Amino acid sequence: MSAAWSKTASAAEISALCPETPEDVRDIVAAAVSAEEPLAIEGTGSKRGLGRPVQAARTLSLAKMSGITLYEPEELVLSARAGTPIAEIAALVDAQGQRLEFEPIDYGPLHGRPAGQGTLGGVIACNLSGPRRLKQGAARDHILGVTAVSGRAEIFKSGGRVVKNVTGYDLSKGLTGSYGTLAVMTDITIKVLPKAETETTLVLRGLSDEAAAGAMAAAMGSPAEVSGAAHLPMYVAGRVAGGALGDEPATLIRLEGFGPSVEARSTHLGRALEKVATLDRLEGEASRAVWADVRDARPFADGTEKPVWRLSVAPTNGHAIVMSLRMAAGIDAFYDWQGGLVWLRMEAGEPEADLVRETLRRFGGGHATLVRAADGVRAATAVFQPQAPALAALSQRLKAQFDPKGVLNPGKMG
């Protein structure tokens with residue numbers, strides 16, 4: 001152990017780098033800066049498979065920085081330590097008739113880990129949002145404030161605890177999606193919203209990917225206030241909700257809200273959609289089970305390390321991109337966000353990054369993120385979509401301002 005660490009961190013090097021207060025985090029980062037030794041930043045490690053592997057001898061774990069510190073249901077505000085399990089937060093707000101509207105993804109099963117391990121800090125650091133994003137926005141749209149420690153070993157705060165307070169909001173949003181490379185978030189405040197009284201999913205059977213894209217576009221363009229639109233091709237459908245949908249292609253249209261409103265909207269929309277294909281309905285828990293599996297990419301949670309891509313594209317292009325890729329490589333795929341989010345599993349075991357990104361370029365662009373692969377594959381692949389030169393320069397300037405010594409999650413996004 002270096003002299004710098006012994007002199008600055010102490011207390012058994014802050015209990016093997018498991019801090020319990022923001023001040024502990026600051027001391028650990030200060031020691032890392034002094035010794036010029038990088039740190040891997042994580043909560044429980046459930047998202048360790050996202051991004052490039054971090055080359056660091058020490059891991060700063062926020063697992064002990066757990067607990068809800070403020071919850072005011074009437075104000076729609078919740079504050080918690082960064083290491084607080086999302087499952088704990090979801091259970092608390094559910095008991096009050098509320099929910100996290102951005103529907104955070106649980107990446108654990110996709111990476112061969114148990115479900116329910118993810119933390120608030122990890123969700124916000126990775127900007128993880130589920131099927132409801134196309135209606136309610138991403139995780140960064142629901143953050144109100146943070147307390148964090150920069151790579152300069154400085155504790156800072158941004159934002160506030162009330163929905164109306166937007167002071168420093170952009171800085172809070174800037175940390176969302178930075179994968180722990182700019183600062184270590186220790187406390188986070190988010191807004192919560194009332195949960196829907198009921199939900200119904202209309203299920204169209206047997207559509208091709210192209211026909212499903214048209215049906216989803218029509219549903220989203222209707223006045224039915226759709227909160228989810230996904231398409232599961234042949235056999236993929238059989239891998240959600242314990243096979244409840246069967247193997248036939250299933251196009252899913254979700255509606256949520258007050259019971260009478262959902263009934264009226266689903267009936268009206270159903271009359272239009274049943275002209276396209278055979279129509280079934282899922283109600284309540286059956287609907288929620290299907291969407292939870294779509295959210296978490298459960299069709300590809302197969303216990304392997306076959307590369308999985310997450311493509312963000314124009315919804316009208318998703319099915320054409322998949323068809324083009326199928327002509328060149330063995331892939332399995334399904335769609336969320338009206339076809340604008342495409343999940344790909346590369347069946348031959350190679351990421352085929354050049355093929356994937358060149359195909360996106362030919363169809364007007366988009367973003368391709370490698371969300372699962374073996375460590376060696378991720379180390380040798382551009383995991384995130386390469387940035388345009390101007391945006392890359394801005395990112396480098398931000399990194400230099402927040403973490404000039406490069407001690408926080410070095411290489412995670414590089």
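Biologist: Why is Cys-126 called buried in this predicted model?
Modeller: Its relative accessible area is 11%, and buried means under 20%, so Cys-126 counts as buried.

Biologist: How do you know how many disulfides there are?
Modeller: A disulfide needs a pair of cysteine sulfur atoms within 2.5 Å, and by this rule the count is 0. Cys-18 is in no disulfide, since its nearest cysteine sulfur, that of Cys-126, lies 19 Å away. For Cys-126, the nearest cysteine sulfur is that of Cys-18, again at 19 Å, and Cys-126 is in no disulfide.

Biologist: Why is Leu-391 called partly exposed?
Modeller: Leu-391 has 44% relative accessibility.

Biologist: What makes the phi of Tyr-235 worth a remark?
Modeller: Most residues other than glycine have a negative phi. Tyr-235 is not a glycine, yet its phi is positive, near 75°. This residue sits in the loop between strand E11 (226-232) and strand E12 (250-257).

Biologist: Is Tyr-235 buried or exposed, and why?
Modeller: The relative accessible area of Tyr-235 is 51%. Exposed means over 50%, so Tyr-235 is exposed.

Biologist: What is the phi of Asn-409, and where is this residue found?
Modeller: Asn-409 is not a glycine but has a positive phi of about 45°. It is found in the segment after H14.

Biologist: Why does Asn-409 count as buried?
Modeller: Asn-409 has 4% relative accessibility; the limit is under 20%, therefore Asn-409 is buried.

Notes
Residues numbered from 1 in each chain as written. Predicted model: local features only at pLDDT ≥ 70, side-chain atom pairs only at ≥ 80, totals over all residues. Heavy atoms only, no water. Buried < 20%, exposed > 50% of the residue type's maximum accessible area, 1.4 Å probe, protein only. Helix = DSSP H or I, 4+ residues; strand = E, 2+ residues; numbered from the N terminus.
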